[in-house]
Amino acid sequence: MDDLIHFLFGIFGNLTALFLFLAPLITFKRIIKSKSTEQFSGIPYIMTLLNCLLSAWYGLPFVSPHNLLVSTINGTGAAIESIYVILFIIYAKPQKVRVKMLALFTLILTVFAIVVLVSLFALHGNSRKLFCGFAATIFSICMYASPLSIVRLVIKTKSVEFMPFFLSLFVFLCGTSWFIYGLLGRDPFVAVPNGFGCGLGALQLILYAIYRKNKGDKSEPKSSDTKDNSNGIEFEKFQQGKQTNSTYPIEQDGQV
């Protein structure tokens, strides 16, 4: 019975994480139409891609037994995030932004390659799981933490204009489902980062409840907040989510 419940939470986590990974489609439709990344930040996509790669690797049977659902959703997320990153690089303006994104893209692929090679040839058994688990956990927490700027913006402006309700809801549901999945599977590398994501999602929902009447407020933010606002719009992603060893975020996506 416990195995069935564990499996069902994994399936639910896959579904909610997929929603978070697909959330940026609206943003990229705008980018492609305008042929410019405007003021959007590409860093959340880079962080979510690295998280997905590491979490997908961690979930493989020869690294971490009984976590295949972690690997499937993060493998899917890695493919989706790769497309986002490539599109961002193509349409990035000015040139220095494109160069920065290319450098970061190369860096995360290098980090992932190092983790893979070390875990394959230098580590075995439980030491391999610990090494890959710590790597996935660290970057999953970084991914979940990336939307904190939008939380600060909501508190500062007392408006939820840049924090869509359903994205906040799915961050909470995704983090919660993978947190429980990790607890049931007695896997701290899944439970800890997604517990953080669950708490962040809950905070967003609380802020939404407090400031929901200010949604759509047309008052202009201070000029000093311009960058924060762009990050807020970007939050449509998660993450992304993100998403699983999980999971996003949102815009991020995920560890799940």
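## Overall fold

The model is predicted. The chain has ten helices and two strands. The chain holds 256 residues, and buried residues make up 50% of them.

## The cores

The largest nonpolar core has 42 residues. Within this core, Val 85, Phe 88 and Trp 178 touch the most other members. Several helices each supply at least two residues of this core, among them helix 1 (2–22), helix 2 (25–34) and helix 3 (43–58). Helix 5 (95–121), helix 6 (125–145), helix 8 (165–184) and helix 9 (188–211) are also on that list. Helix 4 gives the largest share, ten residues. A second core is separate and has ten residues, including Val 151, Val 154, Val 160 and Leu 207.

What does Val 85 touch, apart from its neighbours within four places in sequence? Val 85 is in contact with Tyr 45, Ile 46, Leu 49, Met 101 and Phe 105.

Helix 3 is mostly covered. Of its 16 residues, 15 are buried. Its length also fits expectation: at 1.5 Å a residue, helix 3 should span 22 Å, and its end C-alpha atoms are 23 Å apart, which agrees.

## Selected residues

The table lists how accessible some residues are.

| Residue | Relative accessible area | Class |
|---|---|---|
| His 6 | 14% | buried |
| Arg 30 | 41% | partly exposed |
| Glu 38 | 29% | partly exposed |
| Ala 79 | 45% | partly exposed |
| Cys 132 | 1% | buried |
| Cys 174 | 0% | buried |

His 6 lies in helix 1. Is His 6 buried or exposed? His 6 is buried, because its relative accessible area of 14% falls under the 20% limit. Its side chain reaches the backbone oxygen of Tyr 181 at 3.2 Å. Leaving out residues up to four places away in sequence, His 6 touches His 66, Tyr 181, Leu 184 and Gly 185.

Ala 79 sits in helix 4, which covers residues 68–91. At 45% relative accessibility, Ala 79 counts as partly exposed. Ala 79 and Phe 21 are 58 residues apart in sequence. In space, their C-alpha atoms are 10.0 Å apart.

## Charges and cysteines

Side chains of opposite charge can pair when their charged atoms come close. How many salt bridges are there? The count comes to one. The side chains of Arg 30 and Glu 38 meet in it, at 2.7 Å from N to O. That pair qualifies because 2.7 Å lies within the 4 Å cut-off. Arg 30 is partly exposed, with a relative accessible area of 41%. Glu 38 is partly exposed too, at 29%.

The structure holds zero disulfides. Cys 132 is buried, with a relative accessible area of 1%. Cys 174 is also buried, at 0%.

Definitions and conventions: Residues numbered from 1 in each chain as written. Predicted model: local features only at pLDDT ≥ 70, side-chain atom pairs only at ≥ 80, totals over all residues. Heavy atoms only, no water. Buried < 20%, exposed > 50% of the residue type's maximum accessible area, 1.4 Å probe, protein only. Helix = DSSP H or I, 4+ residues; strand = E, 2+ residues; numbered from the N terminus. Disulfide = S-S within 2.5 Å. Core = buried A, V, L, I, M, F, W, Y, C linked by side-chain atoms within 4.5 Å. Contact = heavy atoms within 4.5 Å. Expected span 1.5 Å × (residues − 1). Polar contact = N/O pair within 3.5 Å; in protein donor to acceptor, adjacent residues only side chain to side chain.
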